[in-house]
Amino acid sequence: MKLEKVVVASGNEGKIAEIKAIFGGVQIISMAELGFTGDIEETGSTFKENAKIKAETIAKLYNMPALSDDSGLCVEALGGAPGIYSARFSGEGPAANRKLLLNRMAHTTDRRAYFESAVCLCFPDGKTYFGEGRTHGKILQEEIGENGFGYDCLFYSNDLKKSFGVADDDEKNSVSHRYRALQDLIKKLKL
């Protein structure tokens, strides 16, 4: 399959940068570049459903292939929370999300966690492809590093043996949930 240009159905600059770095050889366009400034309501109950909602909306609106990622942090001791609510866990932004997570984890020794990503590529004709990926680690006792975004500075990567907050972009992109989901998608597309 020949894929030349894709709109990323996300307003998250961190995600868009990661997708550009990982999805090489394809021109990546942000929704903002096309003038889209609205919100797409994520009404799904899984990462996969939310990714499809966003990609379908943008593919139909702009009559172009659209790629969406829905991802989040899943903490074993919290029954998988914050999960699909990762970006809006506290309702007050990334710093408050991290603080709430640390508060909820204060009295637990089970700190196992994973980031999960579902990516969806939708074509204007309705054809849809998915990729899924996870990366495992644990929640740190405090923020370590300033790289990345979201919960990266609280996530100790089992693969890298360090916080995503101190990993450089290339290191993180080589083991991240988003990388693995995009690789899964690329394999299915036979790009």
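**View 1. Strands β3 and β4 pair in antiparallel fashion.** Strand β3 (residues 66-75) and strand β4 (residues 112-122) run antiparallel and are joined by ten bridges, where strands are DSSP runs of E of at least two residues and helices runs of H or I of at least four, numbered from the N terminus, and where two strands pair if DSSP finds at least two bridges between them. Val-75 stands opposite Ala-113 in β4. This is a predicted model, in which local features need pLDDT of at least 70 and side-chain atom pairs count only at pLDDT 80 or more, while totals for chains, interfaces and linings use all residues. Residues are numbered from 1 along each chain as its sequence is written, and side-chain values use heavy atoms, with hydrogens and water left out.

**View 2. The open sheet has seven strands.** Their order is β2-β1-β3-β4-β5-β6-β7, with mixed pairing; β2 and β7 (162-163) are the edge strands, each pairing on one side only. Strand β1 (residues 5-8) runs parallel to strand β2 (residues 27-30), and four bridges join them, with Gln-27 in β2 as the bridge partner of Lys-5.

**View 3. Lys-54 sits in helix α2 (residues 47-62).** The residue is buried, with a relative accessible area of 7% (buried means under 20%, exposed over 50%, partly exposed in between, with a 1.4 Å probe and protein chains only). A polar atom of the Lys-54 side chain lies 3.0 Å from the backbone oxygen of Asp-69. Beyond neighbours within four places in sequence, Lys-54 is in contact (heavy atoms within 4.5 Å) with residues including Ala-9, Glu-42 and Asp-70.

Terms used:
Polar contact = N/O pair within 3.5 Å; in protein donor to acceptor, adjacent residues only side chain to side chain.
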